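Walk through this protein model with the coordinates open.

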Amino acid sequence: MRPIHALLSLVALFGVSTAWAGTSNSLMDVSTDGKLLACSNRDSGTLTVVDLATHTVKCEVSVGHHPEGISFIGDSHRIAVAVYDDDVVVFADADKGEVTGKTEVFDEPYGIVSNKAGSRIYVTLEFPGRIAEIEPATGKVLREIEAGSFPRGIAISSDGKQLVIAEYLTANVRAFDIARGAKTDEWFGGPTDNLARQIVMHPTRPKAYFAHIRSRIETPHGSGSIFPYLGTVDMVQKEETRRRRVPLDSFIQTLVTANPWEVAVSPDGSKLYVVCSGTNDMYATRTVDDDYTEIANEKYLQVGTNPRAVRVSPDGKSVFVYNALDFNVMVFDAATMTLRKTINVTQNPLPKDVLLGKVLFYSALQPMVGRRWISCSSCHPDGQADGKTWHNPEGLRATPPLGGLAFTHPQHWSADRDETQDFEHTIRGPLMQGYGLIRGKVHPSLGTPNKGLSKELDALAAYTNSHRFTMSPYAKGGLSDAAKRGRELFQSDAVGCAKCHSGPFYTDSQSGKPSVMHDVGTGHDDPGEKMGPKYDTPTLLSLYRTAPYLHHGKAATLTDVLTTANKGDKHGQTSHLSKAQVADLVEFLKALPYEDPVPAAEKAGIVRIAN
């Protein structure tokens, strides 16, 4: 039984549905009056405003590199958008179609919500794990609240007194009292929970919903590694389980769907919608108030390519789906779920081969994938890492990010692939079980090139090799004194880091040159290792956000890399360093990159892989 005092407080909190714009983060939002829709276009670097009376684009506004969360501010037609790679929140006037201001934040703003009055917006800063409270009228950051590790999802309660966040890499959920800036509750996921980008609160019940996957790191097989889930948490203390998972791969008999991205709940709380980016589909469901079943299917739909957002109009009559790689928004009639209109919201800004490669990268369908559970993006979404260490057939392998890949071939910790086209073996192998992209013979890795054998495979390589770096937030004002001391240590012969981590990408692994492997003393830490003890030198750029470290992921921090994980000084001479010197060296590593490596690479004649 729920305590009576808790129920009374929840009636006050959730008892009346007060739908307004921006109550949960999304890549798309609808104004409170239902007249305008706004979406962020990650690849275009723009936001688009749609007139919902005519279903036509009202304006498209440039905002910066890789915008993510977008929200109308209160009941107004003002918009706030989190520009992820530029570390700013951009404010725009939807009626005038112009930017009205910008607010700098520490790093990686992702989700945005607004209070009903429009006097405050709350933004998740994925790194370093905070919520920024911003006053839209002045653009001032009033305070920051420590929110955990890599928060992305954020939602605000109906009374505007509470926030909930979802951690991206763990799917942990936390609640915060806004007035005190204090954590009030938390719901931990399991060790396999992964990639939760968004969270939404039920308008009248103490319930929150979020889409995520399970990454079963011990099973690198297409039929057992990645699973799609709708997570739910009960926002009230009670004796039974307060967190549940609804398996979306068996929601309709044995139909498998992959990589759920966003969730929307209708204003009256009766309907719930989930879009899945890997299989290009959506569930339209009915919410069930039993704290067990949670949802009941009403309609399953195929939508567009790579759906990343779903929203419901304030009157509950329309459902909107944003297809990121079709660059359009679909408008469905909520009563029948029939398609009423498709609105093109931006032009494709990508080269044709890169767009085709990106479509394939996110696809969990044939010819890429046989069992529909997994895609390349399940572990490398938007070129980032999933924070997991997989038990691969060759041994433990931490997932690397893809930044700078075109300059740092060969690939994999074991340097067993000298071109991205060699991933045809992964596509056809036990992990993905696809038909493959080459029609005919596939050459062995490190042998005769597979490049040129398939337009689609070359396109996949073009996209995979297109990822770049953003500057470290720890070097925005230049290197600190501690980082400068650390750089001296890094470059010194007495420590020796730069002997292997050299050049603008801080690696001696360079495309167009023979691979150089190193035994850094970690090859015997894993009894299942099949290919060690020598490994390819990884780039050190963006180390500040890519833990865990080393090929087997056993170093949780950079300090661990330099101390407890460096027995025998085989990974640089660090045992003689004082704690202060280790700290300085860590500060330097956290500051990478502090300058764009590409111009320096081009000047040094480092070859970029051409696809």
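The paragraphs below take these topics in turn.

Start with confidence. This is a predicted model. The protein chain has an average pLDDT of 94. A score of at least 70 is reached by 96% of the residues. One stretch to treat separately is residues 1–18, where the pLDDT is below 50. Even so, that stretch makes 29 contacts in the model beyond its near neighbours in sequence.

Now turn to helix packing. Take α2 (residues 352–362) and α4 (residues 455–464). Their axes come within 7 Å of each other. The crossing angle is roughly 90°. An angle of 65 to 115 degrees counts as roughly perpendicular, and α2 and α4 are therefore roughly perpendicular to each other. From α2, the contact uses D353, V354, L356, G357, K358, L360, F361 and Y362. From α4, the partners are K455, E456, A459, L460, A462, Y463 and T464. By class, the residues of this contact of α2 with α4 are nine nonpolar, two polar and four charged.

Helix α5 spans residues 481–491, and helix α7 spans residues 579–590. The two axes come within 7 Å and cross at roughly 95°. That angle makes α5 roughly perpendicular to α7. On the α5 side, A482, A483, R485, G486, R487, L489 and F490 make the contact. The residues of the contact of α5 with α7 split into seven nonpolar, two polar and four charged.

The structure contains five cavities of 30 Å³ or more. The second largest cavity has a volume of about 90 Å³. L27, S40, N41, R42, D43, P67, E68, R308, Y322, A324, F327 and K358 form its lining. Strands β2 (36–41) and β5 (67–72) each contribute at least two residues to that lining. By class, the lining of the second largest cavity has five nonpolar, two polar and five charged residues. K358 links two parts of this tour: it lines the second largest cavity, and K358 is also among the α2 residues that meet α4.

Finish with the backbone. Which residues does the cis peptide bond with omega of about 15° join? That bond lies between F127 and P128. P128 sits in the loop between β10 (121–125) and β11 (130–135). Another cis peptide bond joins Q366 and P367, with omega of about 10°. P367 belongs to the loop between α2 and β30 (389–392). Then look at M337. Its phi is near 55°, a positive value in a residue other than glycine. M337 is placed in the loop between β28 (328–333) and β29 (339–344).

Key. Residues numbered from 1 in each chain as written. Predicted model: local features only at pLDDT ≥ 70, side-chain atom pairs only at ≥ 80, totals over all residues. Heavy atoms only, no water. Axes fitted to C-alpha atoms, helices over the stretch in contact; angles between N-to-C directions. Helix = DSSP H or I, 4+ residues; strand = E, 2+ residues; numbered from the N terminus. Parallel < 35°, antiparallel > 145°, perpendicular 65-115°, else oblique. Contact = heavy atoms within 4.5 Å. Nonpolar A, V, L, I, M, F, W, Y, C, P; charged D, E, K, R; others polar. pLDDT = per-residue confidence, 0-100. 1 Å grid on protein atoms, 1.4 Å probe; cavity = no way out; pocket = protein on both sides within 12 Å on 5 of 7 lines; lining within 4 Å. Points joined across faces, edges and corners; volume = space filled by probe spheres on them.
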